[in-house]
Amino acid sequence: MLESSLRTSQPAQSYMSIASNPEETASKPPVVAQPIDPELDAADSSERPTSCVGSMCGCINYSFNPIVFLASTLVIWGFVVWCLLDPNSATSITNLQTWLVVNFSWLYIGAVFCFMVFMIYLLLHPTYSQIKLGKPNEQPRYNMVAWFSMLFSAGYGIGMYFYGVAETVLHFRDAVEGANRYSYLPRQLQAVAGLNLSWFHGGFAGLAVYCVIGLTIGFLSHRHDFPLTMRTCFYPLIGKKIYGILGDIIDTAAVIATMFGLATSLGLGVMQINAGMHRVFGSGVPNTSNSQIFIIWIITVLATISVVTGVDKGIKILSQLNFGFGMILLLYLLFVGDTFFVFNLFVETFGFHFQTLMGTFTDTDAFEQAGFEGDSNPRAWMSWWTVFYWGWWIAWSPFVGTFIAQISRGYTVRVFILGNMLVPALVTAIWTTIMGGLGVKEEYHALERNIGNGCYYNYNYNGTITDGTYTRLSCANVEDQLFLLIESFPLSQFISIITIVAIIGYFVTSSDSASYVIDLITANGIEEPPKMQRIFWALTEGAVATALLAVGGEDALQALQTVSIAAALPFTFLLIIMAFGLVRAFKMDDELFARGRLIVSHKKQANGDHRDEHQFMQVKPNDGDAEHEMEEKHNGENEKESRNGQLDCDDDEVKEWRSGLFDALFSSLLMCLKGVFVPCWLQFRNGRKIGMYGGKQHSVFTNALWILSVFVPPVLFVVLHICEVVKPGLAYLAW
């Protein structure tokens, strides 16, 4: 879903594009114009990013930045060759992981925590939170239901399948064995603490990383029409120098981080695909590194075919199926498992999560990494979990940040942050509570029956891990645990096949659309990069994942974790700088509008057009209140809003029911709910007070009848409206 929407949605403009009428912006196709800096001369190519455009043999087109393309290619393919040829590469990767975690845990954890605090600051800021990611009078491109549907998948997929069961189970096992800092708790709370860590690693902090990039690109691209590349994010700090070598370095770092973050996801996905196929089809599909490499290239070929043929409709259908299969799996586990146990566990973990919030977000295992491991986490715990996760989030952020920026045009900063941090965090909580909760319950049953005792970090353990009813999940490999849990319930083989198909679907769409994002960056943000370049990057993704699995062998997971941590290190510094640049960009908002207006003026003079400039850009130069005046003028008009089936929320009779943030967040759906729960409830309560219903105290039955008579018609209206909104929303899941 995420992947196909990113690939098929209309790309951002390469350079500044201005319609002759602001209302026409949403309907007109992008127009390629000059870079936003008014001092740039169209003929002066030295002030633009270096570009190499042409064709080979009259049929193979190419368009790329030679510096970014060649530097990224040399680093990535150099890594692949080194992994395959150097017999000591596995040892080097292990040593690199240890060095990075011991010396830079503070950086990863501190930076991610600061990103989360920074997003909260922007969320609550009275001015910055109201800035729109688009022109001042521009409406959102997608309605709320469609937007939330696409945000659901923005950063999730293969990882939620791989760690959905295993992470909670492994945290619980470590606590029981006295190998983490929760070993002092009662066993029941150890299970809750394990699920809490799963919430933490997939929750608010990591999502804040995506928001830093998404907000910066969305603001500069949608509001001020900059090119859709990473270098754009640094314009507020270094100006037109983004078009030089500094911009090339930034884009190169983004390409490398994205490639290795993607390779981690693809490597984890193929490990789980192989494990599932082995459990379903038996010895016919051995669970080995050779099988995994073979599967990687089969699926990479499928992704390459999708790039060549351009069957957008097929990718849309595949993305819908991915989402649908995920929902089938979750609902299956929820209802065939212990449903009310899952509900209880969700509520309990919710309280535990916020009780331990600050300590968890700033935990660096300082003493443990210094060698004091007794009764706490092992020294390598951070490299297994938190630092690996933060590195993975950061390495994946150029891809996901670009995606969420594309789909968030027209929303305010506040709504963007709420939508991108609350909704995915809630999805993670639900997903891990169902999968991880049922998994840890299974582990608890097996533990009390002494099943699998002696398997803890015993790679030579040959005993049984199941008694026919319960399975000691922690004794199995990480990639096997989801399928072992499914085998505890009816229809296990059928559900396992659906799960395998869903993971393959995420693999194909991830490879296809990630190759598009990388090609977009290396091609200076042009609207539609040549497909041959996308094929090259799709094959490169398969090669990197192959190299990591080959060099890792039986310990491939460690190699996959290390490459994410390493790729994220330089990009962490760029993200920190980017956060400062975002605040500066907000302060430069009026200046950037004025520069855009000057560009229009220069273009008109060059074309001999002397019409009023204000019809092109309705912003006065050097006027700090220009945006506010424009918005006041807009709010003073009774403009009808009929986009995507939304209600007309600007009517005079409706304005009195507005409640600021919540209207912006829930749009017309909240308007309907207020129409039900505000006037109807007050009508009934006040009516009883003044004797409207007969002037006497009624029985419970009579009161219930009165409430139904007041509430049923508007509730029916809400239900019908939800159906009306959800129907187009489901269609948007294909994007």
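**View 1. Where helix 6 meets helix 7.** In this predicted model, E167, T168, H171, F172, A175 and V176 of helix 6 are in contact (heavy atoms within 4.5 Å) with R187, Q190, A191, G194, L195, L197, S198 and H201 of helix 7. The residues of this contact comprise 6 nonpolar, 6 polar and 2 charged; here Ala, Val, Leu, Ile, Met, Phe, Trp, Tyr, Cys and Pro count as nonpolar, Asp, Glu, Lys and Arg as charged, and the others, Gly among them, as polar. Helices are DSSP runs of H or I with at least four residues, strands are runs of E with at least two, and both are numbered from the N terminus.

**View 2. How the two helices cross.** Helix 6 (residues 166-176) and helix 7 (residues 187-201) have axes that come within 8 Å and cross at roughly 140°. Axes are lines fitted to C-alpha atoms over the stretch in contact, with angles from 0 to 180 degrees between N-to-C directions.

**View 3. Inside the largest nonpolar core.** Among its 176 residues, M119, L122 and F571 touch the most other members. Such a core joins buried Ala, Val, Leu, Ile, Met, Phe, Trp, Tyr and Cys residues through side-chain atoms within 4.5 Å, buried being under 20% relative accessible area with a 1.4 Å probe, protein chains only. Leaving aside residues up to four places away in sequence, M119 touches A208, C211, V212, L215, I417 and M421. Another core, of 5 residues, lies apart from it and includes F172, V440, Y444 and L447.

**Notes.** Residues are numbered from 1 along each chain as its sequence is written, and side-chain values use heavy atoms, without hydrogens and water. Local features need pLDDT of at least 70 and side-chain atom pairs count only at pLDDT 80 or more, while totals for chains, interfaces and linings use all residues.

Terms used. Buried < 20%, exposed > 50% of the residue type's maximum accessible area, 1.4 Å probe, protein only.
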